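Q: Could you take me through this structure, one topic at a time? I am new to it.

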Amino acid sequence: MAEIAEENAAGAAIEARDVDDADIRDTDIEFSCPHCGNSMVIDYRGAGLQVACSQCGETVLVPIPEGMELNDLDLDPGEILKQLFATRRNFQKAELQIAALKARLVQLQETLGVMQEVVAEGIAGR
Ligand SMILES: [Zn+2]
């Protein structure tokens, strides 16, 4: 039952979108990535959150529009729960990427070792 709730909640997670392919609402916050300059929009409920850039994947702090009361946003436990699930999911995704990159690194180091042996044999064989 908890799993179903998580699926539903994560489906409506607050995420940054590219300006190009998004129909921007009046309430959306427009901002750009300080790492790559990518222009994005996000639902107003994303104000003050850390989100992943839709282009480079770096963490970006969503600006808080002038006059916006963050307290209004923080009162909805459902939204906080949704964001928690989304954050947890992003974290798991990042951990999987790290594991995959570590495995690739080991492969590359092995390949490098073999190549170094071949080169050493080649030099010795002359
Ligand atoms: Zn970026």
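Predicted model: local features only at pLDDT ≥ 70, side-chain atom pairs only at ≥ 80, totals over all residues.

Q: Which residues make up the largest nonpolar core?
A: The largest nonpolar core has ten residues: A16, I29, F31, C33, M40, I42, A47, V51, V60 and V62. A nonpolar core is a set of buried Ala, Val, Leu, Ile, Met, Phe, Trp, Tyr and Cys residues joined through C-beta atoms within 7 Å. A residue is buried if 20 or more other C-beta atoms lie within 10 Å of its own, exposed if 12 or fewer, and partly exposed in between, with C-beta atoms placed from the backbone.

Q: And which elements give two or more residues to this core?
A: Those elements are β2 and β3. Helices (H or I, at least four residues) and strands (E, at least two) are DSSP runs, numbered from the N terminus.

Q: What is the mean pLDDT of the protein chain?
A: The mean is 83, and 83% of the residues reach 70 or more; pLDDT is the predictor's confidence in each residue, from 0 to 100. Among the elements, β2 has the highest mean pLDDT (93) and helix α1 (residues 2-11) the lowest (43).

Q: Back to β2, then. Which of its residues are covered and which uncovered?
A: Strand β2 (residues 29-32) has I29 and F31 on its covered face, with E30 and S32 on the uncovered one. In a regular strand the side chains alternate between the two faces of the sheet.

Q: How many bridges join β2 to β3?
A: Four bridges join β2 to strand β3 (residues 39-42), and the two run antiparallel. The bridge partner of F31 in β3 is M40. Two strands pair if DSSP finds at least two bridges between them.

Q: What lies between these two strands in the hairpin?
A: Six residues separate β2 and β3 in the hairpin, and G37 in the turn has a positive phi of about 80 degrees. C36 is also placed in the loop between β2 and β3.

Q: Is C36 buried, exposed or partly exposed?
A: C36 counts as partly exposed, because it has 13 C-beta neighbours inside 10 Å. Leaving aside neighbours within four places in sequence, C36 is in contact with C53, Q55 and C56, where contact requires C-beta atoms, placed from the backbone, to lie within 7 Å. The C-alpha atoms of C36 and C56 are separated by 6.7 Å, although these residues are 20 apart along the chain.

Q: In what order do the strands form the open sheet?
A: Three strands form it in the order β1-β3-β2, with antiparallel pairing. β1 (17-18) and β2 stand at the edges, each with a single partner strand, so one side of each is left without a neighbour in the sheet.

Note on methods:
Residues numbered from 1 in each chain as written. Contact = placed C-beta atoms within 7 Å.
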